[in-house]
Amino acid sequence: MTHKHQSGLNYRMPYGFGPAAGPRQGPGGKDFKADVGARRVSIATSFLTDPSHLKALLPPRFELAGEPIVTVELSVLSELAWLAGRGYSILYIRFPACYKGTRDTVTGSFLPVLWENKPDPILTGREELGFSKLFCDLQPPRVFRNSVVATGSWEGHQFVELAVDDLVDTDPVVPAPPGLGNVKSAGVLHYKYLPDTENWGQSAIEHACLSPAGGSVQVRRVQLGTGRVKFLPTSWEQMPTQYHVVSALAALPQLENRGSWVAEVCGGGDLSDQRKLA
C-alpha cells in the first residue's frame, strides 16, 4: 500500500514519510501562532542606484515603482518556536516594484534574492512560499562601540560586507524600506520559479507571490547611522552556482546613501497569509 495522503496538512519531499513540520506546521499539524518569543536583530542600509540595472532583475509583468532605491538588510533570528528555540540569519536584497497581472496589481518591495545560513528555512521558503532563497555562511555581526559589521561568504569566499557606523538611538519605530514615497506598500513581492523535469529550460511552476504587509511585532530598540555595503568581485571558480547573482549586485551603481539603521524586535508572523498572484 502506498502512503495515504492526509488532506489539509503540508507535505514536501521526501513525500512518503508523511506531513512535514516547518514554520507553519508543527508536530501533529499544530501551528506556532501562539508563540511570540521569536527575536530579530536587523542591520540595514539603502542606496540610490541606476534604474536600468534594476529593470534587468525584474521578472515578467513587474516594473519599477517609485525611486530606484536598493535596501540591503541582514537579520539575525533567534528563539524560533518552529526550530525548537534555534535560530538563523537572513541577508535580504529588495527595491520598490509593481506587479501588474491579469487579476492583481500590487505595489511593494520586490525581493530578487536572499541568503540564509540554514537549509531548513531555505527549503520551506522556496517550496512553500516562493522566496528566491540561496545558502551562504552568515557570521554573527561584529559590534564595536557604535558600529556594527556583518559579512556573507560561501566556502571561504567573502562576497559581501555590510556595516553601519555612528549609531544613535531614535524613536522605536522600524523604518520602512525607502523608495515608495507616499504610496502604501502592500508587502513584499516575490517570483516563484521551479524548473520542469525533462523539459529542460522550461518551468513547472512560475508565478508572482506576495507576503502581505502587517503582523504584530514589539520594537525594543532602533538606532540610525551611516551605512555602507560592498559586494566583492566574485568568479565562477569562487561561487560556481551563485557568481552571476553576486556580479549583478556588485554592478549596481551606489549613487547616494538613503538611510541606515539597526533594530531589535520581538514577535512576527509565520507567513501563512502568503498569496499567489495572477
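**Charged pairs and enclosed spaces**

Guide: Arg258 is partly exposed, with a relative accessible area of 28%. Please bear in mind that the model is a predicted one. Glu67 is likewise described as partly exposed, its relative accessible area being 35%. The side chains of Arg258 and Glu67 meet in a salt bridge, with 3.1 Å from N to O. Arg258 belongs to strand E14 (residues 256-267), whereas Glu67 sits in the loop between strand E2 (62-64) and E3, so this pair ties together parts that are 191 residues apart in sequence. As a general principle, side chains of opposite charge can pair when their charged atoms come close.

A search of the whole structure finds 12 salt bridges. Another of them links Glu79 with Arg39, where the closest N and O atoms are 2.7 Å apart. Glu79 is partly exposed, with a relative accessible area of 39%. Arg39 is also partly exposed, with a value of 31%.

Asp104 forms a salt bridge with Arg103, and the closest N and O atoms are 2.9 Å apart. The relative accessible area of Asp104 is 10%; because buried means under 20%, and exposed over 50%, Asp104 counts as buried. Arg103, at 56%, is exposed. Elsewhere, salt bridges that share partners join Arg12, Arg24 and Glu128 into one network.

Charged residues also have a place in the second largest pocket. Its lining has three charged residues, together with 16 nonpolar and five polar ones. The pocket holds about 600 Å³ of space. Of the 24 residues that line the second largest pocket, Pro112, Val113, Ser132, Tyr191 and Val245 lie nearest its centre. Two or more lining residues are given by each of strand E5 (105-116), strand E6 (133-135), strand E11 (187-195) and helix H3 (243-250). E11 supplies the largest share of this lining, six residues.

The structure holds one cavity of 30 Å³ or more, and the volume of the largest cavity is about 30 Å³. Its lining consists of Leu74, Leu91, Leu138, Ala150, Thr151, Gly152, Val160 and Leu162. The elements that contribute two or more of these lining residues are strand E9 (147-154) and strand E10 (157-170). E9 gives the most to the lining of the largest cavity, with three residues. By class, this lining divides into six nonpolar, two polar and no charged residues.

Terms used:
Residues numbered from 1 in each chain as written. Predicted model: local features only at pLDDT ≥ 70, side-chain atom pairs only at ≥ 80, totals over all residues. Heavy atoms only, no water. 1 Å grid on protein atoms, 1.4 Å probe; cavity = no way out; pocket = protein on both sides within 12 Å on 5 of 7 lines; lining within 4 Å. Points joined across faces, edges and corners; volume = space filled by probe spheres on them. Helix = DSSP H or I, 4+ residues; strand = E, 2+ residues; numbered from the N terminus. Nonpolar A, V, L, I, M, F, W, Y, C, P; charged D, E, K, R; others polar. Salt bridge = Lys/Arg side-chain N within 4 Å of Asp/Glu carboxyl O. Buried < 20%, exposed > 50% of the residue type's maximum accessible area, 1.4 Å probe, protein only.
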